Every structure is written in structure tokens, then in C-alpha cells.
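Thanks for coming, everyone. Please look at the screen.

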Amino acid sequence: MTRAGSPRYAGGMTTLAVVPGSFDPVTLGHLDVIERARNIFDEVHVVVVHNPNKTAMLPVARRVELIEEALREAGLSDGVTVTNWSVGLLVDYCQEVGAKVLIKGIRSEVDVTYETPMAIVNRDLAGVETVFLLPDPAHSHVSSSLVRQVAALGGDVSPYVPGAVSRFMASGDLT
Ligand code: PNS
């Protein structure tokens with residue numbers, strides 16, 4: 001059932017999905033979701049979006065590089081494109097590349113509460129549906145904000161992030 005005035009799901013056979021996020025930095029939970037998305041869709045675009053509600057640790061270009069390196073090292077690069085989007089709505093990006101599906105990782109009901117309004121707005125705006133994927137429970141406590149906090153206080157983030165990120169963060173130059 002579609003609400004009056006709200007665009008219907010516009011897709012037929014969908015082979016491209018967009019995995020958006022701040023990825024500041026990319027975590028093992030993110031990699032898990034990207035891998036699961038790639039198992040379902042032929043092509044996945046990982047899109048780094050600046051979230052004005054969050055204080056950034058890393059520049060967007062660095063986040064893109066670290067995701068690319070992490071995917072390469074995990075053998076997950078095939079069929080995955082990493083890019084950034086900063087010029088408008090996320091659904092504008094989806095329309096530009098012909099993506100009908102967004103993917104969000106759901107760790108708990110807190111994520112469902114946070115993601116549901118965005119999913120409905122993205123569908124209302126452009127008929128882009130959101131698919132929620134459940135990461136491995138081993139990652140259910142992992143978030144970029146936790147990693148930023150542990151790193152800022154001098155702790156070891158290596159259990160939570162890909163090697164590319166822990167090496168980069170250990171270098172001490174977060175630019
Ligand atoms: O990793 P995050 O910070 O939870 O990701 C949130 C993000 C970047 C996916 C979200 O803030 C977003 O979609 N921003 C794009 C701006 C937009 O299109 N807003 C209107 C619809 S929600």
C-alpha cells in the first residue's frame with residue numbers, strides 16, 4: 001500500500017544498491033554490511049556523506065581512501081565503488097546513478113528508530129526504498145562514534161576497525 005501522493009517503489013529488477021554513511025571512520029561493522037549488500041546486489045556504491053550533525057574526525061577524502069584500502073585488503077573490492085556526495089540530497093545521488101535501493105545496517109532498535117524516518121523521507125522524495133541489513137552480532141556494539149571516542153582518549157581501536165584504519169590512526173596524523 002502506498003500513501004496518496006507518495007512515489008511508488010520505482011524499480012523492477014534491481015542490481016545496484018547504495019550504502020551511505022559518514023564512515024568516520026569505516027568500522028568492521030560497516031565492512032560486514034557492505035559485504036552482505038554485495039552478496040545480494042550485483043553492484044554496490046559506498047557513498048561517504050558529510051553529516052552536519054556530527055563533529056568530523058577525518059576529512060571526507062581520507063574516509064573514502066580508507067574504505068577503498070580496507071575493501072581491497074578484505075578482498076571485497078569487486079563490484080564496489082567508493083565515492084562521496086556533498087551537493088544535495090542522497091536521493092539525488094541515487095537518481096544520478098540509477099539506484100533504487102539504499103542499504104542501512106541495523107545493530108539494534110535504536111538504529112531502527114533513527115533510520116526509519118530517513119527511509120520514509122527518501123521513499124517519499126524519490127521512490128528509493130531502504131533495505132535494512134543485520135550485521136554479524138559480533139559487531140553490534142561497534143560504531144564510528146565509539147571508535148572516535150576511544151581514539152581521542154588514546155585507546156586501541158584495532159578490534160573495531162579494518163587494519164587500514166588502525167594503521168592510519170596509529171600514525172597520529174588524522175588528516
Ligand atoms: O553514518 P551516518 O552518520 O548515520 O549516516 C547518515 C547519512 C549520511 C546517511 C544521512 O545523514 C543522510 O542520508 N544524509 C544525506 C542528506 C539527505 O539526503 N537528507 C534527507 C533525507 S534523510
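First, the ground rules. This is a predicted model, where local features need pLDDT of at least 70, side-chain atom pairs count only at pLDDT 80 or more, and totals for chains, interfaces and linings use all residues. Residues are numbered from 1 along each chain as its sequence is written.

Now the fold. The protein chain has six helices and five strands. Helices (H or I, at least four residues) and strands (E, at least two) are DSSP runs, numbered from the N terminus. In what order do the elements run from the N terminus? The order is β-α-β-α-β-α-β-α-β-α-α.

Next, the overall dimensions. Along its principal axes, the C-alpha trace spans about 50 × 35 × 30 Å. A compact globule of 175 residues would have a radius of gyration near 16 Å, and the protein chain agrees, with 16 Å. That radius is taken over C-alpha atoms, and the globule rule is 2.2 Å times the number of residues to the power 0.38.

What about burial? I call a residue buried if 20 or more other C-beta atoms lie within 10 Å of its own, exposed if 12 or fewer, and partly exposed in between, with C-beta atoms placed from the backbone. Of the 175 residues in the protein chain, 34% are buried.

And contacts? Two residues are in contact if their C-beta atoms, placed from the backbone, lie within 7 Å. Take the contacts in the protein chain with a separation of 6 or more: residues 24 or more positions apart account for 79% of them.

On to helix H3, residues 90-97. Its buried residues are Leu90, Tyr93 and Cys94. They sit on the same side of H3, because they cover an arc of only 100° around the axis. The arc is that of the directions from the helix axis to the C-beta atoms. Which exposed residues are on the face turned away from the buried side of H3? Asp92 and Glu96. The cover over the buried residues of H3 includes strands S1 (16-21), S2 (43-49), S3 (80-85) and S4 (101-105), along with helix H4 (109-126). Just after H3 comes Gly98, with a positive phi of about 80°.

Helix H6, residues 163-170, can be read the same way. Ala164, Val165, Phe168 and Met169 are its buried residues. Their arc around the axis is only 125°, so they share the same side of H6. Gly163 and Ala170 are exposed, on the face turned away from that buried side. What covers the buried residues of H6? The cover includes H2 and helix H5 (144-152). After H6 comes Gly172, and its phi is positive too, near 85°.

Now the loop between S1 and helix H1 (28-40). Pro25 is found there. The peptide bond from Asp24 to Pro25 is cis, with omega near 5°. Phe23 has its place in this loop as well. Its phi is near 50°, a positive value in a residue other than glycine. Is Phe23 buried or exposed? Phe23 is buried, because 26 other C-beta atoms lie within 10 Å.

Next, the ligand. I count a residue as near a molecule if its C-beta atom, placed from the backbone, lies within 6 Å of it. The residues around the ligand are Pro20, Gly21, Ser22, Val49, Asn51, Lys54, Leu89, Leu90, Met118, Val121 and Asn122. Which element gives the largest share of this shell? H4 does, with three residues. S1 and H4 each supply at least two. By type, the shell has six nonpolar, four polar and one charged residue. Here Ala, Val, Leu, Ile, Met, Phe, Trp, Tyr, Cys and Pro count as nonpolar, Asp, Glu, Lys and Arg as charged, and the others, Gly among them, as polar.

Last, two single residues. Ala74 lies in helix H2, residues 60-74. Ala74 counts as partly exposed, because it has 16 C-beta neighbours inside 10 Å. Leaving aside residues up to four places away in sequence, Ala74 touches Leu31 and Pro162. From C-alpha to C-alpha, Ala74 and Glu35 are 9.7 Å apart in space, and 39 residues apart in sequence. Glu35 lies in helix H1. With 18 other C-beta atoms within 10 Å, Glu35 is partly exposed.

That's my tour. Questions, please.
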